[in-house]
Amino acid sequence: MTDAQKNVWAGAIPLQIELHEFDVTTSPPPPPVLVLAPRMGYLPLLISIIKPHFSSTLPPGEDTIWFEYKGLPLKWYIPTGVLFDLLCVEPKRPWNLTVNFRRYPKNILLPCESEDTVKWSFINSLKEAAYIITGNCKNVMNMSQTDQAELWQSVLKSNLDAFQRVSSKLKLGTFEDEFVVHIDSNTKKLQQSSGETDVAAQMKIARIPVRLYVWTVSEDFDDFEDAPPTPIDSWDKVSYINRPVEVHKEEGKYFSLRDAIESLLPEFFGERNLSDERDPSTKQSAEEGGENPFDPVSLCSQLKNAEIKFVRIQGIEPKLEIPFSWVARNLINPEHFLHTCVCLKVIQA
Amino acid sequence: MKNHLIMPHWYGPDSDYHEINHYDFHVVYSASYKVPVMYLRAYHSDGQPLLFSEIEKDLPGLSVKLVSESKCSFITQEKHPYLNRPWCKLHLCGTSEWMKLLFSTHKSLTTNGSTIEHYLISWFSVVGQMFGLKIPLEMLNCS
């Protein structure tokens, strides 16, 4: 366990949560409640702490709880820390949220009935990450009930020790380790066999689960304090990109965080030339990366027309030149996804 | 960059109350699982979304049988990847495995432009059954 991982797991956002006026039936209205929310957690999991403060003032009826920030309903399946990094551009503490117990916005938010809904969403993401990293979800699907319960508890309590005890059994490996093993075993294979197919076909591609939250600005700003960019007031302003980063090591070539992010945004940074070293078994999904060769838009995107203004992961803004492998190993969430907020400055034509 | 196929609008079977339910199906490519995934949205004529139980009544192929027999094939409510609204997504276990099986029997399929169409038609011939959607014969004869 690295220091970085310990710090990330200990990260928390101080929240000041007030009850929406439509849910207040008493006078004076109740004061807001202060909660320290783990970065790795999810907002609905805080209900047991929040509800007691407001239960005496709630109107009669069934609770359908949801949170909002400046009028924007918050997606409950996005980890709390990611929501904060994305929506609170100049990080304000405490982060002021509003909680609602009625009027669930069904057309914007997925339903969230209970803690179990959040848990299953987490497990599904973990399965997806396992599939991306290893090529199948068997390790997650075959987890014992006890292990699954312990894993979830460790997330609820933001307990890294307990988490690593269970998650190490899943063998979802670190980026670097997996990679070194592949190269070694491939070299051995080549030495032993004769007339084997070319090296490129043998070399495996490492896939890292990433969820990118991209928003674009057209104006320049140097300091958020002086001239903050327009805050995100609608989910339509955020492009959510759920696409794994594919890395293959070339001799002496360094793969940075910038390289990783640009590879996920070919429409802004041009298509990376991966086709030569593609694994033959992926041939059937010929349109890898989503680029249709006959789409005029993709032809134009060969030119750089955007600039990464900043990247925020786990509340920090790493230098884009740092090795992506370090980021992938230290800054991931418990379901093994790297949630990355990216602000792009788009150069107007 | 949008890998997103929009199917023609589908009307659910006429119920006892002569109410028509509306279905929208989208086929979206999943970069994580490297297979196409079916998303659907169901609503009453007044725009109110259907409950799961109502969807199950309309779509017999999606039945309890499928969900109980398969450990990991199920329908969940998820955000549509591009449209930013809640839709339903069909998780179909082992798509890439049974697609490989379907494809391995086709010796004539080499890398030419129609491979994608063939892939999608084959994929749809299996997935469509769950929703009672059929492919017109003309599509199957395309070369």
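The legends below walk through close-up views of a predicted model. Residues are numbered from 1 along each chain as its sequence is written, chains are lettered from A and ligands numbered from 1 in the order written. Local features need pLDDT of at least 70, side-chain atom pairs count only at pLDDT 80 or more, and totals for chains, interfaces and linings use all residues, while side-chain values use heavy atoms, with hydrogens and water left out.

**View 1. Chain A as a whole.** Chain A has 13 helices and eleven strands; these are DSSP runs, numbered from the N terminus, with helices being H or I of at least four residues and strands E of at least two. Of its 349 residues, 50% count as buried, where buried means under 20% relative accessible area, exposed over 50% and partly exposed in between (1.4 Å probe, protein chains only). Among the contacts in chain A with a separation of 6 or more, 77% join residues 24 or more positions apart; a contact means heavy atoms within 4.5 Å. The accessible surface of chain A is about 17,300 Å², and carbon and sulfur atoms hold 53% of that surface (Shrake-Rupley method, 1.4 Å probe; for residues, only the protein chains shown count as cover).

View 2. An unreviewed UniProt entry annotates residues 8–101 of chain A as "domain: Autophagy protein ATG5 UblA". That span is 20% helix and 28% strand, and its end C-alpha atoms lie 31 Å apart. UniProt (unreviewed entry) also lists residues 115–171 of chain A as "domain: Autophagy protein ATG5 alpha-helical bundle region". Here the model gives 77% helix and 0% strand, with 26 Å between the end C-alpha atoms. UniProt positions follow the numbering used here, feature names are shortened, and annotations may be inferred rather than shown by experiment.

**View 3. Trp95(A) and the nonpolar cores.** A nonpolar core is a set of buried Ala, Val, Leu, Ile, Met, Phe, Trp, Tyr and Cys residues joined through side-chain atoms within 4.5 Å. The largest one has 94 residues, and Leu87(A), Trp95(A) and Phe324(A) touch the most other members. A second, separate core of 26 residues includes Tyr131(A), along with Ala42(B), Leu50(B) and Leu133(B). Back at Trp95(A), contacts beyond four places in sequence include Ile13(A), Tyr69(A), Leu74(A), Phe84(A) and Leu87(A).

**View 4. Ser32(B) against chain A.** Look for Ser32(B) in the loop between β3 (22–30) and β4 (35–43) of chain B. Ser32(B) is buried because its relative accessibility is 2%. Its side chain makes a polar contact of 2.6 Å with the side chain of Glu128(A). Such a contact is a pair of N or O atoms within 3.5 Å; within protein, one must be able to donate a hydrogen and the other to accept it, and residues adjacent in sequence count only if both atoms are side-chain atoms. Residues that Ser32(B) touches include Tyr131(A), Ile132(A), Arg207(A), Asn242(A) and Pro244(A).

**View 5. Cis peptide bonds in chain A.** Ser27(A) and Pro28(A) are joined by a cis peptide bond, with omega about 0°. Pro28(A) sits in the loop between β1 (12–19) and β2 (33–38). Another cis peptide bond links Arg93(A) to Pro94(A), again with omega about 0°. Pro94(A) belongs to the loop between α3 (80–87) and β5 (95–100).

**View 6. Lysines with positive phi.** Lys70(A) is not a glycine, yet its phi is positive at about 50°. Lys70(A) lies in the loop between β3 (66–69) and β4 (72–73) of chain A, and is exposed, with a relative accessible area of 64%. Lys171(A), also not a glycine, has a positive phi of about 50°. Its loop runs between α7 (160–167) and α8 (175–192) of chain A.
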